[in-house]
Amino acid sequence: MKSTPWHILGAGSLGALWATRLARAGMPVRLILRNAARLEAYNAKGGLTLSEQGQRLTFDIAAQTMAAQEPIHRLLVACKAYDAEQAVASVASRLAPGADILLLQNGLGSQDAVAARVPDAHCIFVSSTEGAFRDEDFSVVFAGQGFNWLGDGQQTAEPVWLRELAAAGIPHQWTLDILDRLWRKLALNCAINPLTVLYGCRNGELQAHDEELRALCDELVRTLQRCGQPRAAIGLHEEVVRVIKATAANYSSMYQDVAQGRRTEISYLLGHVCKAAELSGYDVPLMNRLRAQLIDHLIGKGLPSS
Ligand code: NAP
């Protein structure tokens, strides 16, 4: 039986990491690039390159623009949170009824925006702890082993195509608790990432600011409880301390975005939590102040504030 093609929207770090592993395992993969100029650049490059454990391999994966006609049954959305809704909207007319859409975006907010744009699709949220970065255009380095949790926030049984991820060596598990996991990851990000940007430090150096971290975690815990996410709140401060110790030498993703002059996903991280608190009528002075300081910092660097 012919397998369903994986359409991958966005051939950046995570998109390339998924595309190359699926292609390596013999799955049909199509990259969807943003325009004809990017398609031309990709074709000139001759494929997508994966560097893993010192080995560098290029895969000649088919690519197309949004304008291609082929129907899409399974779409992996691998762009940043702030691009996801628009990117999916531009292929909406190609989606087959009930198409599966896997959303790799960090934070929260973009998933709901996508789901509202394509109500007939089956949106699946992915929480990934894998790490990858681009060393060149259309070339990705697999920098950190991790795991992918997938789920749709409903009590749906796991899709049969998950076995293709197993065949491709993509570590994963279907979970009924995906929203808890996304909220938990979001809370950890809100506690750690903005402070690393404002103090200009590695994760481990936040150990010197434990009082501030503890107060922020207390506010986050109360916010999660207030927003109907009590399970994401359990033991938050302890986990924050564990994470900053375990990743002491690392720079957070937000720190790296700012250091490299890239737009951050602030609206889907700290911004999302502040908005959720406001909607539930809960006052979050520490997070609002942190967000204002972060926005000032971004503006000072000439970066977008949302
Ligand atoms: P990235 O390297 O910046 O890649 C994003 C890609 O999306 C780029 O290739 C970009 O195209 C493409 N894109 C944007 N708009 C598009 C459109 N309309 N049509 C087609 N392609 C479009 O980002 P990333 O690091 O892979 O991150 C993706 C998401 O995964 C983020 O939410 C991130 O937080 C999350 N995440 C990343 C990692 C990681 O280690 N990288 C880990 C966990 C979670 P161009 O190349 O043309 O700009």
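Reader: How much accessible surface does the chain have, and what percentage of it belongs to carbon and sulfur atoms?

Author: This is a predicted model, in which local features need pLDDT of at least 70 and side-chain atom pairs count only at pLDDT 80 or more, while totals for chains, interfaces and linings use all residues. Residues are numbered from 1 along each chain as its sequence is written, and side-chain values use heavy atoms, with hydrogens and water left out. Accessible areas come from the Shrake-Rupley method with a 1.4 Å probe, and for residues only the protein chains shown count as cover. The accessible surface of the chain comes to about 14,200 Å², and carbon and sulfur atoms hold 49% of this surface.

Reader: How many helices and strands does the chain have?

Author: Helices (H or I, at least four residues) and strands (E, at least two) are DSSP runs, numbered from the N terminus. The chain has eleven helices and twelve strands. Its radius of gyration is 19 Å, close to the 19 Å that the globule rule gives for 306 residues, so the chain is as compact as a globular protein of that length. The radius is taken over C-alpha atoms, and the rule is 2.2 Å times the number of residues to the power 0.38. Along its principal axes the C-alpha trace spans about 55 × 40 × 30 Å.

Reader: What percentage of the 306 residues is buried?

Author: Buried means under 20% relative accessible area, exposed over 50%, and partly exposed in between (1.4 Å probe, protein chains only). Buried residues make up 51% of the 306 in the chain. As for contacts (heavy atoms within 4.5 Å), those with a separation of 6 or more come to 68% from residues 24 or more positions apart.

Reader: Which residues are closest to the ligand?

Author: A residue is near a molecule if one of its heavy atoms lies within 4 Å of it. Here 26 residues surround the ligand, and the closest are Ser13, Leu14, Arg38, Met66 and Glu265. The elements α1 (13-24), β2 (29-33), α3 (81-89) and β9 (131-136) each supply at least two residues of this shell.

Reader: How do the residues of the shell divide into nonpolar, polar and charged?

Author: Ala, Val, Leu, Ile, Met, Phe, Trp, Tyr, Cys and Pro count as nonpolar, Asp, Glu, Lys and Arg as charged, and the others, Gly among them, as polar. The shell has twelve nonpolar, seven polar and seven charged residues.

Reader: Which atom of arginine 38 lies 2.8 Å from an oxygen atom of the ligand?

Author: A polar contact is a pair of N or O atoms within 3.5 Å; within protein, one must be able to donate a hydrogen and the other to accept it, and residues adjacent in sequence count only if both atoms are side-chain atoms. For arginine 38, a polar side-chain atom lies at that distance of 2.8 Å from a ligand oxygen. Backbone atoms take part as well: a backbone N or O atom of asparagine 106 is 3.0 Å from a ligand oxygen, and a polar backbone atom of alanine 132 is 2.9 Å from one. Taken alone the ligand exposes 900 Å², of which the protein buries 84%.

Reader: Is threonine 49 buried or exposed?

Author: Threonine 49, found in strand β3 (residues 48-52), is buried, with a relative accessible area of 8%. Its side chain makes a polar contact of 2.7 Å with that of threonine 58. Leaving aside neighbours within four places in sequence, threonine 49 is in contact with residues including Thr20, Arg56 and Phe138.

Reader: What is the phi of phenylalanine 138?

Author: Most residues other than glycine have a negative phi. Phenylalanine 138 has a positive phi, near 60°. This residue lies in the loop between β9 and β10 (139-144) and counts as buried, at 2% relative accessibility. Glutamine 53 also has a positive phi, of about 50°; it sits in the loop between β3 and β4 (55-59) and is exposed, with a relative accessible area of 74%.

Reader: Which residue caps the N-terminal end of helix α2?

Author: Asparagine 35 caps that end of α2 (residues 36-45), with a side-chain oxygen 3.2 Å from the backbone nitrogen of alanine 37. Just after α2, glycine 46 takes a positive phi of about 85°.
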